[in-house]
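Here are a few friendly notes to read alongside the structure. Keep the picture open and look for each feature as you go.

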Amino acid sequence: MQAQDYLAAILFGAVIGIIARILLPGRQPIGFLLTVLIGMGAAVAGTWASDRWDLHSSGSLVVRGHHYDWLVLGVQVGIAVVGVAVAALLAKAFSSGEER
């Protein structure tokens with residue numbers, strides 16, 4: 001794995017996290033860094049889950065010569081949505097109460 005692969009993983013995680021925040025209704029009181037970390041974790045977890053349960057589609061998205069399976073992307077975004085929702089609930093539960 002090269003340095004550019006790590007950079008691509010960070011950017012891909014950021015995109016997945018941002019998509020998850022867009023899909024979730026309302027405001028999430030979590031920062032950009034946490035969104036990226038959730039997105040990165042969701043990308044890893046979604047890839048693992050898709051491989052584990054053999055979830056693959058015939059369609060793919062091609063970005064700079066890399067093929068991304070649509071179903072795997074859907075699983076990754078779904079996990080990110082759950083992660084962002086849980087993080088937002090925890091942030092609200094542990095906030096000082098001034099923002100409510």
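**Notes on the model**

1. Let's begin with confidence. This is a predicted model, and the protein chain has a mean pLDDT of 85, with 93% of its residues at 70 or more. Which elements sit at the two ends of the confidence range? Strand 2 (residues 66-69) has the lowest mean pLDDT, 79, while helix 3 (residues 70-93) has the highest, 92.

2. Next, the parts list. The protein chain contains three helices and two strands. For a sense of scale, the C-alpha atoms fill a box of roughly 50 × 30 × 20 Å along the principal axes.

3. Now turn to helix 2 and helix 3. Their axes come within 8 Å and cross at roughly 135°. Are the two helices parallel or oblique to each other? An angle over 145 degrees would count as roughly antiparallel, so at roughly 135° helix 2 and helix 3 are oblique. The crossing of helix 2 past helix 3 is right-handed.

4. Which residues make the nonpolar patch? Trp48, Trp53, Leu55 and Leu71 make it, and the patch covers about 430 Å². One of these residues, Trp48, lies in helix 2, which spans residues 32-52.

Technical notes:
Residues numbered from 1 in each chain as written. Predicted model: local features only at pLDDT ≥ 70, side-chain atom pairs only at ≥ 80, totals over all residues. Heavy atoms only, no water. Patch = residues over 30% accessible without salt bridge, like charges linked within 9 Å, V, L, I, M, F, W, Y side chains within 5 Å. Areas by Shrake-Rupley, 256 points an atom, 1.4 Å probe, with all protein chains shown as cover. Salt bridge = Lys/Arg side-chain N within 4 Å of Asp/Glu carboxyl O. Helix = DSSP H or I, 4+ residues; strand = E, 2+ residues; numbered from the N terminus. pLDDT = per-residue confidence, 0-100. Axes fitted to C-alpha atoms, helices over the stretch in contact; angles between N-to-C directions. Parallel < 35°, antiparallel > 145°, perpendicular 65-115°, else oblique. Left-handed = near helix turned anticlockwise from the far one by under 90°.
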